[in-house]
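User: I am new to this structure and would like to go through it by question and answer. Please begin with the chain as a whole and then turn to its parts.

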Amino acid sequence: MAASHHHPATTYDYYLVLDFEATCDEVTKIDPTEIIEFPVVLLNSKTLKTDDTFHFYVQPTVNPILTQFCTELTGIRQDQVDGQPKLPDVMKAFHQWLEKHNLLESRLSFCFVTCGDWDLKTALPKQCRHLGLEVPSYFRKWVNIKKAFQKIFNLRKAPRGMMSMLRSWVWRTKAVITVEPMTLKTSRKFS
């Protein structure tokens with residue numbers, strides 16, 4: 001089954017905001033890239049509050065030493081991944097986390113939210129293929145927030161990243177943003 005990320009307007013009980021970080025280098029192509037951070041925020045669609053977070057650093061196995069470029073780009077240091085679980089164990093822990101929140105029961109619906117398609121269309125499937133793992137079906141549907149943003153604001157091109165979307169959103173709505181750990185509060189300026 002091919003990954004899909006285009007869905008009709010649907011209301012989900014939860015949005016799982018996911019943003020992998022992976023091994024990389026500025027000069028040499030690293031193949032396969034390996035997920036080194038597996039963070040997910042469980043966002044309740046009714047309250048728009050974070051109900052829980054799942055976070056693991058992941059020990060890479062093919063290229064276990066992070067490049068200086070990777071550390072500079074992601075902010076993840078070698079000592080943060082050394083001795084951490086490998087991807088198969090993190091995926092098992094994530095599955096258990098989904099079960100803990102009853103998200104695998106048919107009465108609750110959820111959808112992943114990513115900033116681009118890379119995380120779930122490329123990174124996870126490619127690494128799972130390399131490891132001989134099956135990608136669980138729940139990873140095969142997601143909302144690319146860049147495309148949703150493009151559609152909402154009727155833009156010709158999708159924004160390049162999160163900062164681009166935030167700048168555009170602030171400019172278009174004249175919103176004031178206050179960022180606190182794990183929350184994004186907004187208020188509208190009226191002039």
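**The chain and its parts**

Analyst: Among the contacts in the chain with a separation of 6 or more, 61% are between residues 24 or more positions apart, where contact means heavy atoms within 4.5 Å. This is a predicted model, in which local features need pLDDT of at least 70 and side-chain atom pairs count only at pLDDT 80 or more, while totals for chains, interfaces and linings use all residues. Residues are numbered from 1 along each chain as its sequence is written, and side-chain values use heavy atoms, with hydrogens and water left out.

User: In what order do the elements of the chain run from the N terminus on?

Analyst: Helices (H or I, at least four residues) and strands (E, at least two) are DSSP runs, numbered from the N terminus. The chain has six helices and eight strands. Their order is β-β-β-β-α-α-α-β-α-β-α-α-β-β.

User: What percentage of the residues of the chain count as buried?

Analyst: Buried means under 20% relative accessible area, exposed over 50%, and partly exposed in between (1.4 Å probe, protein chains only). The chain has 191 residues, and the part that counts as buried is 37%.

User: What span does helix 3 reach from its first C-alpha to its last?

Analyst: Helix 3 covers residues 87-100, which is 14 residues. The expected span of a helix is 1.5 Å times one less than its number of residues, and for helix 3 the expected value is 20 Å. The span reached is close to that, at 20 Å.

User: Within what arc do the buried residues of helix 3 fall?

Analyst: The buried residues of helix 3 are Leu87, Val90, Met91, Ala93, Phe94, Trp97 and Leu98. Seen down the axis of helix 3, they line one face of the helix, because the arc that holds them (taken from the directions from the helix axis to the C-beta atoms) is 160°.

User: Which residues are exposed on the other side of helix 3?

Analyst: The buried residues of helix 3 have cover that includes strand 1 (14-18), strand 3 (35-44), strand 4 (50-57), strand 5 (110-114) and helix 4 (118-131). On the other side of helix 3, the exposed residues are Lys92, Gln96 and Lys100.

User: Which residue does Lys100 meet in a salt bridge?

Analyst: A salt bridge is a side-chain nitrogen of Lys or Arg within 4 Å of a carboxyl oxygen of Asp or Glu. The N to O distance for the Lys100 pair is 3.4 Å. The pair links distant parts of the chain, helix 3 and strand 4, 48 residues apart. Lys100 has a relative accessibility of 55%, and its partner is Asp52.

User: How many residues apart in sequence are the parts that Asp31 and Lys126 tie together?

Analyst: Side chains of opposite charge can pair when their charged atoms come close. The structure holds six salt bridges, and in the one between Asp31 and Lys126 the closest N and O atoms are 3.0 Å apart. Asp31 lies in the loop between strand 2 (21-22) and strand 3 and Lys126 in helix 4, so the parts tied together are separated in sequence by 95 residues.

User: What is the angle between the ring planes of Phe38 and Phe94?

Analyst: Rings of Phe, Tyr and Trp (its six-membered ring) pair if their centres lie within 6.5 Å; planes under 30 degrees apart count as stacked, over 60 as edge-to-face and the rest as tilted. By this rule the count comes to 16 aromatic pairs. The centres of the Phe38 and Phe94 rings are 5.3 Å apart, and the pair is tilted because the angle between the planes is 50°.

User: Where does Phe139 lie?

Analyst: Phe38 and Phe139 form an edge-to-face aromatic pair, with 6.4 Å centre to centre and 70° between the planes. Phe38 is buried at a relative accessible area of 0%, and Phe139 is buried at 2%. The two are 101 residues apart, with Phe38 in strand 3 and Phe139 in the loop between helix 4 and strand 6 (142-144).

User: Which residues is Asn63 in contact with, leaving aside its neighbours within four places in sequence?

Analyst: Asn63 is found in the loop between strand 4 and helix 1 (68-74), and its relative accessible area of 28% makes it partly exposed. Asn63 and Cys24 are 39 residues apart in sequence and 9.6 Å apart in space, C-alpha to C-alpha. Leaving aside those neighbours, the contacts of Asn63 are Thr23, Ile30, Pro32 and Glu34.
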